[in-house]
Amino acid sequence: AAAATKEIARRADCSEAMLFHYFGDKRGIFEQVAARQIAQLVGEAEEQVLAALPTHFEDFVRQLFLARLRIDNGDNDVPGWDISSRALSDPDFSQRVLQPNHARRRAVIAEGIRHYQAAGQIKTEVDADLVAEMLANFVIFTTSLGPRWFGTGESEIQAQIDLGSKIFANGMSTSTRTQPTKQA
């Protein structure tokens with residue numbers, strides 16, 4: 001908000017008129033920069049996981065968590081919590097800036113899930129896109145929001161990653177189903 005468009009134009013080596021022509025206003029500039037940086041970070045982290053798929057689905061899930069932790073703990077220029085707070089208070093901003101990146105993240109995860117379906121590790125009737133949405137949300141909450149909102153510590157995050165990976169890969173049911181006993 002405090003940035004002067006003259007200074008932005010000077011650093012971008014263009015005129016203020018060009019800034020306003022392409023971005024409309026400072027908000028437009030901010031949104032484009034934020035969207036590009038988020039896309040680059042997400043693309044690099046999660047597509048690296050997809051490029052080197054582990055043998056087992058459980059390890060794929062674990063790698064997704066670790067990739068997200070690298071984004072959140074890395075040395076990057078994305079003002080993450082400024083973007084997150086704006087997204088929470090402005091749904092239109094969220095749709096313009098965050099939704100395209102979330103869709104890309106879901107697509108990458110769904111592609112990985114389909115790989116493990118083809119390998120026989122996940123049932124073919126499982127909806128890969130729905131599981132990808134759940135997994136993307138779980139990863140973001142566990143690695144980003146939980147620690148910030150609830151003070152989840154590093155050991156708790158690691159425990160959630162370990163358990164979450166096992167649950168997504170293997171479920172929580174016992175291997176044999178028994179009929180519940182009838183009570184009088």
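Is Asp129 buried, exposed or partly exposed? With a relative accessible area of 45%, Asp129 comes out as partly exposed. Keep in mind that this is a predicted model.

So what does Asp129 pair up with? Its side chain meets that of Arg114 in a salt bridge. Arg114 is partly exposed too, at 39% relative accessible area. The two come from distant parts of the chain: Arg114 sits in helix α6 (residues 91-118) and Asp129 in helix α7 (residues 128-150), 15 residues apart.

| Pair | N to O distance |
|---|---|
| Arg114 and Asp129 | 2.9 Å |
| Arg62 and Asp162 | 3.5 Å |
| Arg62 and Glu58 | 3.7 Å |

Now over to Arg62, which has a relative accessibility of 19% and counts as buried, because the cut-off for buried is under 20%. One of its partners is Glu58. Both residues belong to helix α4 (residues 57-73), and since they are 4 residues apart there, about one helical turn separates them.

Another partner of Arg62 is Asp162. This time the link runs between helices: Arg62 is in helix α4 and Asp162 in helix α8 (residues 154-170), so the pair ties together parts that are 100 residues apart in sequence. Asp162 is partly exposed, with a relative accessible area of 26%.

Which residues share one network with Arg62? Glu58, Asp59 and Asp162 do, joined with Arg62 through salt bridges that share partners.

Definitions and conventions
Residues are numbered from 1 along each chain as its sequence is written. This is a predicted model: local features need pLDDT of at least 70, side-chain atom pairs count only at pLDDT 80 or more; totals for chains, interfaces and linings use all residues. Side-chain values use heavy atoms; hydrogens and water are left out. A salt bridge is a side-chain nitrogen of Lys or Arg within 4 Å of a carboxyl oxygen of Asp or Glu. Buried means under 20% relative accessible area, exposed over 50%, partly exposed in between (1.4 Å probe, protein chains only).
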